[in-house]
Amino acid sequence: MSNSGTLFLLVCITFIHTTYSVLERYPDSHNKGRDIAAKKDAIGTVLESAWTFKLEKNGSGDGNSSKKDLIYGFSACAVAAVFFGSNFVPIKKFDTGDGNITVVPILKTIGLGLGLLIWASFNLLMGWASSTFGWFGIDKETPPRPYLSYIGAALCVLSALIFFFVKSEGVPSRSESETTPLLSHGTVNESPSDASWVDALNPLKKRLIGCGLAVIAGLLYGSSFVPVLYIKDCAKRNDTRFVGASQFDLDYVFAQFSGIFLTSTVYFLIYCAVMKNRPKIYPQAVLPGFVSGIMWGIATCCWFLANHYLSAAVSFPIITAVPGLIAAFWGVVLFKEIKGLKNYITLIVAFCFVVAGSLTTAFSKV
């Protein structure tokens, strides 16, 4: 269902992308040759207005431009972190069937808080390492203080190891009305849904499968920006077919969202075929899924902006670690997934590592 929200964001981004293309094709005397700068200023207008007093106080010139980039970048990180940490909250209390490869099984086996913490940590590790060491053919990105970047990433990885010791109760049982699919055996609301394959697992298998899927999801998430970074890096050289490609990260959102929507559609068709044209579609999950998809789309756009203004080596540790804190907060306070003094102490220790790692990584750029 969250794909509907993603599709809505896709239409909006198509409009923005088309507008940019028209501006580039017909530049005026003031913005000729400044297309990328114009885009940056347009995207950052709202943020800039909120920081006008601070920027005027700090002065002008190249240093001022650098400060604006930092403000835009860290503001984008903040928005992305909040939305990534909260985008599953709208659908958490609703049965979503089996229409997702990793997220739904993770939520059902180890819960929102622990699941997001684990996959975010491995997302961080893959994204930071690929950018810092130049994996998969992309250029290395070295911040002004690289030693702080290494320390920050190490602290965030340690937090991931600590999170494995947190015991989660997963998803609580729901009422029959919440678990009745819209389409079942060719009729509407004919009978309660069949038990999910996850429900048949014992606690140990649930934990192993949930943690394993979270690790896989994290590694794949961490690799999702590699094609964009590869094209941008190749565009800087004259001996590749990507010469002249845009250096503004938001221009690649349309392509990534299209790929996500196409892949999700193919998976859903395969799922329908396996289920013999009897997919589990829950009416209560439609609107929450749409909201979840929009939140995810906004967070991803902000992540692209953070990569542009700060570099992936800086944005990854922040955007992948902080959402885990927010998701764990929702898991403890709202959904009561994590209980017990020992679990709370373990979470607090892990939180300290995440906060220290994120701040250290942020300071590596300043």
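What percentage of the 366 residues of the protein count as buried?

**Figure 1. Overview of the predicted model of the protein.** In this predicted model, 46% of the 366 residues count as buried. The protein has 15 helices and two strands, and its accessible surface comes to about 18,200 Å², of which 67% belongs to carbon and sulfur atoms. When contacts between residues at least 6 apart in sequence are considered, 79% of them join residues at least 24 apart.

Figure 2. A pair of aromatic rings is described by the distance of the centres and the angle of the planes. Trp 128 counts as buried because its relative accessibility is 7%, which is under 20%, while Phe 133, with a relative accessibility of 35%, counts as partly exposed.

**Figure 3. Close-up of the aromatic pair of Trp 135 and Phe 136.** The ring centres of Trp 135 and Phe 136 lie 6.4 Å apart and their planes stand at 90°, so this pair is edge-to-face, given that an angle over 60 degrees counts as such. Trp 135 has a relative accessibility of 38% and therefore counts as partly exposed.

**Figure 4. Close-up of one aromatic cluster.**

How values were computed. Residues are numbered from 1 along each chain as its sequence is written. This is a predicted model: local features need pLDDT of at least 70, side-chain atom pairs count only at pLDDT 80 or more; totals for chains, interfaces and linings use all residues. Side-chain values use heavy atoms; hydrogens and water are left out. Buried means under 20% relative accessible area, exposed over 50%, partly exposed in between (1.4 Å probe, protein chains only). Rings of Phe, Tyr and Trp (its six-membered ring) pair if their centres lie within 6.5 Å; planes under 30 degrees apart count as stacked, over 60 as edge-to-face and the rest as tilted. Helices (H or I, at least four residues) and strands (E, at least two) are DSSP runs, numbered from the N terminus. Contact means heavy atoms within 4.5 Å. Accessible areas come from the Shrake-Rupley method with a 1.4 Å probe; for residues, only the protein chains shown count as cover.
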